[in-house]
Amino acid sequence: MTVAQDLKRLIDDAKPRLAAITESSASAKPHAGKWSIKEILGHLLDSATNNRQRIVRMQEVPHIGTFTYDQEHWVSSQHYQSEPWPALVEFWYLYNAHLAHVMTHVNPAALAHTCDMGYPAPATLTFVMEDYVRHMRHHIDQIFTDADPRERKHWVMRTPES
């Protein structure tokens, strides 16, 4: 299975489960300093928008330089808490369906192109796409866990191998 197919399957499986979450459950913030489900999904939208830029730009040149973003700023400045849950789910789904389409059509000659993402080594385009799907799966699993938000698994960075 290609990374694009993996992403498409992941979002296709998650969409109905996300749609079944109530507005109040998606908005709940029982613990200060922890994101609500809305904010987690918003963070996944932010990741999608930033990674789409990486994927497209990395096909232009061998090294695009540094491309990072402050996730806390992105989530807080976009006020996902006040976004209607059904609209957020639909936007997340459509944006990621498009991103899977983009991944399907990546130029194979660009797969070794690199980007500095704040990891110990530059990341190849292959790594960016694979890590994006791994990141998506991590946060989707957080949304559907019954664990206390304070006990959610933390993201573990993999080191890109250039």
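Q: In this predicted model, what describes the packing of α3 against helix α4 (residues 71–78)?
A: The axes of α3 and α4 come within 9 Å and cross at roughly 115°. Two packed helices are described by the angle between their axes and the distance between the axes.

Q: What is the handedness of the crossing of α3 and α4?
A: The crossing is right-handed.

Q: Which residues of α3 and α4 meet, and what makes up their contact by class?
A: From α3, the residues E39, H43, D46, T49 and N50 meet Q71, W74, V75 and Q78 of α4. By class, this contact has 2 nonpolar, 5 polar and 2 charged residues.

Q: Why is R54 called buried?
A: Buried means under 20% relative accessible area. R54 has 5% relative accessibility, and therefore counts as buried. R54 lies in helix α3. Leaving aside neighbours within four places in sequence, R54 is in contact with I64, F67, T68, Y69, C115, M117 and V128.

Q: Why is A28 called partly exposed?
A: The term applies between the limits of 20% and 50% relative accessible area. The value for A28 is 36%, so A28 is partly exposed. A28 is placed in the loop between α2 (23–27) and α3.

Q: Why does T114 count as buried?
A: The cut-off for buried is under 20% relative accessible area. T114 has 14% relative accessibility, and therefore counts as buried. T114 is found in strand β2 (residues 114–116).

Q: What makes the pairing of the T114 and H63 side chains a polar contact?
A: A polar contact requires N or O atoms within 3.5 Å, one able to donate a hydrogen and the other to accept it. The polar contact between the side chains of T114 and H63 is 2.6 Å. Beyond four places in sequence, T114 is in contact with M58, P62, H63, I64, P122, A123 and T124.

Q: Which residues touch the most other members of the largest nonpolar core?
A: L18 and W92 do so, in a core of 47 residues. At least two residues of this core come from each of α1 (3–19), α3 (37–58), α5 (85–104) and α6 (125–144). With 11 residues, α5 gives the most. Apart from neighbours within four places in sequence, L18 is in contact with L41, W85, V89, W92, I140, I143 and F144.

Definitions and conventions:
Residues are numbered from 1 along each chain as its sequence is written. This is a predicted model: local features need pLDDT of at least 70, side-chain atom pairs count only at pLDDT 80 or more; totals for chains, interfaces and linings use all residues. Side-chain values use heavy atoms; hydrogens and water are left out. A nonpolar core is a set of buried Ala, Val, Leu, Ile, Met, Phe, Trp, Tyr and Cys residues joined through side-chain atoms within 4.5 Å. Buried means under 20% relative accessible area, exposed over 50%, partly exposed in between (1.4 Å probe, protein chains only). Helices (H or I, at least four residues) and strands (E, at least two) are DSSP runs, numbered from the N terminus. Contact means heavy atoms within 4.5 Å. Axes are lines fitted to C-alpha atoms, for helices over the stretch in contact, and angles run from 0 to 180 degrees between N-to-C directions. A crossing is left-handed if the near helix is turned anticlockwise from the far one by less than a right angle, and right-handed if clockwise. Ala, Val, Leu, Ile, Met, Phe, Trp, Tyr, Cys and Pro count as nonpolar, Asp, Glu, Lys and Arg as charged, and the others, Gly among them, as polar.
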